[in-house]
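Here is my note on the model.

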Amino acid sequence: MIQLNERKPILQAINLRHEYEARGQKIVALQDVNLTINAGDFVTVVGPSGCGKSTLAKIFAGLGTPTSGEALYAGKPIKGASSERGMVFQELAVLPWRTVVGNIGHGLEIAGMPKAEREQRVAELVRLIGLEGFEKKYPSELSGGMRQRVAVARTWATRPPVILMDEPFAAVDAITRLTLQEELIRLARTTKQTVVFITHSVEEAVFLGDYIVAMSSRPGRVLEIVPVPDMGINRTWEQMIRDPRIEAIVSRVFELVRGRAVAPSTERQHA
Ligand SMILES: Nc1ncnc2c1ncn2[C@@H]1O[C@H](COP(=O)(O)OP(=O)(O)OP(=O)(O)O)[C@@H](O)[C@H]1O
Ligand SMILES: [Mg+2]
């Protein structure tokens, strides 16, 4: 069993390469990807559209096999999907025929958690995502932002050591997105799970991450690991945009993902 608070590698990509073949044409999505993510990290991965972010998330989730190189979970090669690595997709991942509590508790039911314990865990999550009073509503009765909160809580409920999130807020309006991001930070910092958050928004990456993995355009490679100063569990957008250090990081990451950075320091690793 993985100890969630230990600072040891939980996800690793070693010389990872991934090719797709479509109608006789080869597309190299990822090339020479080397990355180590430690347990408890909140990592954001940012890069231009089509650079292989979703491909990387799927490989870590066990939903895709690299063409060459290795993807490791807790030091062992990833072979197929596992309840240890939950994934939140961009497309809405809630069950329309289940209520809010029915959706959040679904994975716990499958895992056979006793009812009383399950109800307690679900109630705690409902509170964390701010949906008290909506417990018995169906997804069709919720706003898009509320549904996305349920999707996040659903994956969170079973407490997988690793949560992979592939642009989970892309379809949510800008204002709701700010709230969801702040909630996500509190949720992640409270539970100390490892989160890999994929986004094409540089600001979102900087706001959420302990560090940012900046990727090149396709074939995707890791250009640089950019650390973000610790802003604490209650970081807010207001606090972030006033901080000149953050402004500098946003500029740096923009340079990197737009391919305008001078001498990318590929050897740099986070502390
Ligand atoms: N099933 C597939 N078959 C063929 N090519 C694919 C397939 N899935 C992805 N690709 C190609 O691989 C590359 C990487 O795709 P991927 O979805 O990983 O990118 P992404 O960084 O997540 O992009 P976005 O930001 O637009 O979501 C793209 O150029 C895409 O065209
Ligand atoms: Mg994608």
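1. In this predicted model, an oxygen atom of ligand 1 is 2.5 Å from an N or O atom in the side chain of T55. Such a pair is a polar contact, that is, two N or O atoms within 3.5 Å; within protein, one must be able to donate a hydrogen and the other to accept it, and residues adjacent in sequence count only if both atoms are side-chain atoms. S54 also reaches an oxygen atom of ligand 1, with a polar side-chain atom at 2.8 Å. From C51, a backbone N or O atom lies 3.2 Å from a ligand 1 oxygen atom. The protein covers 65% of the 640 Å² of accessible area that ligand 1 has on its own (Shrake-Rupley method, 1.4 Å probe; for residues, only the protein chains shown count as cover).

2. The ground rules are as follows. Residues are numbered from 1 along each chain as its sequence is written, while chains are lettered from A and ligands numbered from 1 in the order in which they are written. Local features need pLDDT of at least 70, side-chain atom pairs count only at pLDDT 80 or more, and totals for chains, interfaces and linings use all residues; side-chain values use heavy atoms, with hydrogens and water left out.

3. Which residues come nearest to ligand 1? They are S49, G50, K53, S54 and T55, out of 13 around it (a residue is near if one of its heavy atoms lies within 4 Å). β1 (9-22) and α1 (53-61) each supply at least two residues of this shell, and α1 gives the largest share, three residues. Helices (H or I, at least four residues) and strands (E, at least two) are DSSP runs, numbered from the N terminus. The shell has five nonpolar, five polar and three charged residues; Ala, Val, Leu, Ile, Met, Phe, Trp, Tyr, Cys and Pro count as nonpolar, Asp, Glu, Lys and Arg as charged, and the others, Gly among them, as polar.

4. The largest pocket has a volume of about 480 Å³. Its lining has 22 residues, and R85, G86, M87, R154 and T155 are the closest to its centre. On a 1 Å grid over the protein atoms alone, a pocket is an open set of points with protein on both sides within 12 Å along at least five of seven lines, a cavity is a set where a 1.4 Å probe fits but cannot get out, and lining residues have an atom within 4 Å of a point. Points are joined across faces, edges and corners, and a volume is the space filled by probe spheres set on them. β6 gives the largest share of the pocket lining, four residues. Domain 1 (1-84 + 162-271) and domain 2 (94-159) each contribute at least three residues, with bounds from an automatic or database domain assignment.

5. There are three cavities of 30 Å³ or more. The largest has a volume of about 80 Å³, and it lies between domain 1 and domain 2 because both give residues to its lining. α6 (174-191) supplies four residues, the largest share of that lining.

6. The second largest cavity has a volume of about 50 Å³. Its lining includes R121, E124 and W156, and α4 (115-128) gives the most, with four residues.

7. Two backbone points remain. The peptide bond from R218 to P219 is cis, with omega near -5°; P219 lies in the loop between β9 (211-215) and β10 (222-227). A74 is not a glycine, yet has a positive phi of about 50°.
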